[in-house]
Amino acid sequence: MTTRRGTVFRTLITNPVSILALIWLAIVIIGMLIVIPLISRYSPTEQDLAATLQLPSAAHLLGTDSLGRDILARLAWGSRVTITGVVIVAVIANVIGATMGLIAGHFRSGLDATFTAFADMLQSIPALVVLLSVAAVTSRNVTVVMVVLGVLMSAGAYRVFRASTLNIRGELFITAARTSGLREGQIMVRHELPRLLGQLVIQSSIIASLAIVVQVGLGFLGIDAAPPNPSWGGMIKEASTSIYTNIWPLIPTSAVVVLTILAFSTLGDVAQRAVLGRRRHNGLSRAKISRSVAKTAARASGATVSATQVASTAASAGAAAGAINPMLVISDLTVSVPKDGSSVKLVSNVSLTLLPGEVVGLVGESGAGKSVTARAALGILPAGATATGSVVLDGQEVLGASEQTLQKLRGSKIAYIAQEPMAALNPAYRVGNQLIEIVRTHQKLSRKAARQRAIQLLETVQIKNTEHVLKAYPHQISGGMAQRIVIAIALSGDPDVIVADEPTTALDVSAQMQILDLLRTLQKERDLAVLLVTHDWGVVADLCDRGIAMYAGEIVEEAEVAPLFAHPRHPYSMALRASDPHAQKRGGRLHSIPGVVPPPGTWPSGCRFADRCGFATDACREQAVPLELIEDRHAVRCIRVDEIVVEIEELRHESVTGERTAVRAEAVEHDALERVTREQAAADSAAVESAAVERVTIERVSVD
Amino acid sequence: MLSRQIREHPLLGGKELLVILLRRLAVSIPLLFAVSFLTFLLVSLTPGDAAYTVLGSSATPDQLAALRQQMGLDQPILVQYLNWVTSALQGNLGHSLITGQSVSEAIFQRLGPTLSLVGIATVAIVVIAVPLGLTSAVRGGRLATSIDTISFAGVAVPNFILALFAIPVFAVWLHWLPPSGYVPLASSPNKWALSLVLPVATLAFGAVGIIAKQTRAAAEDVMSSEFVTVQRANGYARQSIIWKHVLKASAVPIIAYLGVVIVTLFSATVLIETIFAIPGLGGLAVQASSQGDLPMLLGVTVVFTLIIVLINIVLDVVYALVNPKVTFR
Amino acid sequence: MTEPLLTEPQLTEPLLTEPLLRVTDLAVDYKRRRTVARVVENVSFDIVEGETLGLVGESGSGKSTIGNVVLGLVPAAAGAVIFDGEDITHASPKRRRELTSDIQVVFQDPYGSLNPARSIGATLAESLVASDATLTRKEVTARVHESLDTVGMVASVAQRFPTEFSGGQRQRIAIARALIVRPRLVVCDEAVSALDLSIQAQVLNLLDRLRRERSLSYLFISHDIAVIGHLSDHIAVLDRGRIVETGTTAEVIDHPQDAYTRLLLAAAPVPDPAAQKKRREAFRTQRAEYLASTGAVTGLVSTTRL
């Protein structure tokens, strides 16, 4: 983690497979090209007609060919032609390809079009046939042939370098460098070239492996060393004449050729993985980052939260009272992913219940485990994850159910609306195709009837121009429209439960409001139970009957919306609410929560919020905190829940003067990575302050 | 079905298809001229010219000069080239220096075997590699590992070396297949098929691994995208998600790779046809090269390039069909 | 009544001084293949030294495009951008590079705006050296540490790499990079939009403090009018490439005149069930009003855009 420079080179000399490849190449280059010609007792052209086609022996380590010549000696001397050829090709192809690619990728415009058209041409040329012409007209001048091959192969290298440059160029940090006042040359050298170095290693290896194939092939056709001088291709040609009688000479020769090609392509492959692995790290969307953070988290926390036995207290109490069968019951759900031999929990001991027609909001910051919990309701877990506990959907266990069972449940019992509507539709098919397909999956309908039903569904989600929309491809529609279509897909099987994962986060505010409106209307009309994942308290306020706050993989507070907003009891709920910029007064400092959510695998064994909590004491950090019912339908995971009420009351009086909090608030900003102690002090005041002010805020939020 | 798709396709609906084809031609026509002219130029730079090749070293300077005049070799290179182009456009690619046979005729005779070889190999590659790659993307595990291994072996073992090992095994020891030679389809479909098994198999072997690996990579990429989760979560049939949605969404890089692979297949016929003694264009090129038969070589090169250009045009259309967003680079 | 009128010009001094940034009648074209679309038209605004202008609009409103024109990343089709009295609309690349020490930017995406292969220190130093090549190594290091300190990060951060930081921390680093050259104007292009709501407040506070300490001017671009309200002195509301309303923050937010502004204000959900219920109704009314006022069906509020 210390430095990323030279990752490719380091990978090549540490990866066991590429070490083997490097060793083989060393044997070929040092052993065959240099050492054996110096020490061998045989000349490569020396015939011994008494000892033809011999198998390996002490005298001839690799046996002899049909003229009794020592195969090892011929291979060693013959390596010169191939190695020279490969070096010529790799150098020419890379120099031309990289230079042109960098220029075209960096400057775009006319140059790019010209170069690319030229590369198109080069790539449409049947290489071997052209090389045959070149060989014919140059009286088999091997060097010229290899130079031409290098030029032909530069087209492939050009494409790769151009694409990488374009890729890097499109990245925001290049624009940032430009706005920092760097010259184009500096940008190319400092930001683009280093990234292309890895590509250079990859391309050299790939080109070398391809060049050997062509070079040996040409040798096979007699276009390299003039007989009786040895070359690998020539030796294969000679061996091929005796394959019906004695196949031996073909074996060592082919083996050397194949191993050399294998070595180069292995190097290319390993280098490529190193570069790709690195690229996956950058330029990802926020959602993906939080997922990959989850995967790369280091250690599993030893803590097992003992008591979520209060399992979804509020709802179960409600259910018991009204004797309604819940639609969805998640109990004691723990989801873990394997990481470096151990397993890391993403979500621990989560229990919640969803009644028919009820809308429950799961709130929290990124990395709280909201999405993992919500998707588990559909039986969808992160790749490689394992889950314990149970998820019961309308009386049917979902965890561990067969894919067939799940397929029947999904869409018709429970359906899903995703965060990124533009990514939620298959870009390769028209909207109509996708919608009609799912209609026909749920119901046996003729194509025509299914189309009618699809139009109905679009009307349900308030799309007017239905015919037009059915014919559109996803990239031709707006985000809000795409989300309506995803909702239509979700409704196609007439489900009882909808899981909506941040359904409006990616949308513009006015589109967001309309989608929220639509969801509310549909929920009422169809009496849907909705599990809504969001980080936005405004969305909870808009849609939900009940809210569940999650932090670092567990539920910290659960209550009906009215009390949750009027009297939140967990310090995290208070701070999260208070820090929302939409709820805060203009002019004056904004309340914020210092620090970040601890990533999975680094959760403390005590209260997981303690490090960011203004009310935390030593006792909070001692042991896992249970989720407890503090009043009817209101559960909180905090051991100081009652004391805090008093403290806030006191602080509110103090903070009215404003003086003290303002001074401390300045310090909050310095929540640097390593200033844990200082941050701690700051954190205290921030959360206290947040808590104290939030009630005042509630009464004054309304802007309109 | 396809024609309906083309008609209704937003990009191919009419003008756009024409635009795509015109742009490809704008690249292709200069390419054909460039390739032929460069080859022509190379030929003219050769120390011993065509007249020398025909008459041999015993010819007198007078004889050479006469022949040069007769062949037009005394004219400026550009004029020579224009003469060649003019007759080439009329289907006349000149005559072999060695046999005197019409180049166009020789090429036409040899087109069949090469096209069968490459055509069948391409179909085999697509039919085997794409399902294999897709299945391994879904299943992962051992299947994925074997595809990696095959793909690696395919790259590392050049197909002509593979052919040299395949002949003794399947033809000499097992007697399953003829070791070499080619039987035209017209004379015996059965023997034609048998004679092509080994050449096609050795030609396609490496490419199957490469395309399967690319298919797997592309499909894995698509499978991690949000729409697959949305489809799973909303009850789309599993088979449809894999074989319809993932396949089409990952088709673009697969087709791009296929284009590159087909070009290399044509190159590889040069060696494969030599080894299996198939009377195709590749073999003709080798023969012409070794005899210094430059008009023949020029003709073969141009025809090869033309075939590749046509394939690229077809791929462009397929590419536009599977990718609604394509705007032709 | 007459006296105040006479004294007024002296009281509102900014009227007499040149604004730090003046944009007049700006138009921007977006060329795509054969068609040209005008994405910004007739946009004019001033930013006085030490003040913040909030530019609010939805996606496609052209707000980021305007920021990019000010930064010189996108050419203007018409109009002028005047910085500190100098017309920089068509400044040469050389002049543009010099201007980077006066005009800086903080982008939206804290994951993409830092080169993952370069250490934080290298990224910050690069920005500084580009603006002043005469600095010694020691001075550069000192300035890097100073700017990190300004955004509340310790000096050792300089040796680390971007992937080691969370979104909020990276955005602080991006701010440090912008400020290290001591600019006078910073374009904040959706600078907090990618962050968790709880983290947005942290970064907004930081931006606010820096502005007060250094009398910086911000061109603060966002789709979120509530966020804009916290930092801006003046607000300009953009709808499809045109400014539909400008005024002081209090005027625009508390007494919006334009139907679109009212629509935007009503569209952001508030974290309070009762208030949100009212707002929902307000949104419906506003939307109807807006649609009636424009007569056009915009992509942003229509349900039928393709």
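1. Over residues 328–577 of chain A, the chain is 39% helix and 27% strand, with the end C-alpha atoms 27 Å apart. Helices (H or I, at least four residues) and strands (E, at least two) are DSSP runs, numbered from the N terminus. An unreviewed UniProt entry annotates 328–577 of chain A as "domain: ABC transporter"; such annotations may be inferred rather than shown by experiment, and the positions follow the numbering used here, with feature names shortened.

2. Bear in mind that this is a predicted model: local features need pLDDT of at least 70, side-chain atom pairs count only at pLDDT 80 or more, and totals for chains, interfaces and linings use all residues. Residues are numbered from 1 along each chain as its sequence is written, and chains are lettered from A in the order in which they are written.

3. Now the A–C pairing: 79 residues of chain A are in contact with 78 residues of chain C (contact means C-beta atoms, placed from the backbone, within 7 Å). On the chain A side, elements giving two or more residues include α8 (184–220), α11 (286–296) and α22 (571–579). The top contributor there is α19(A), with seven residues. By class, that side splits into 34 nonpolar, 25 polar and 20 charged residues. Ala, Val, Leu, Ile, Met, Phe, Trp, Tyr, Cys and Pro count as nonpolar, Asp, Glu, Lys and Arg as charged, and the others, Gly among them, as polar.

4. As for A–B, chain B puts in 60 residues and chain A 64. α14(B) supplies the largest share of the chain B side, 10 residues. That side has 38 nonpolar, 17 polar and five charged residues.

Note on methods:
Two residues are in contact if their C-beta atoms, placed from the backbone, lie within 7 Å.
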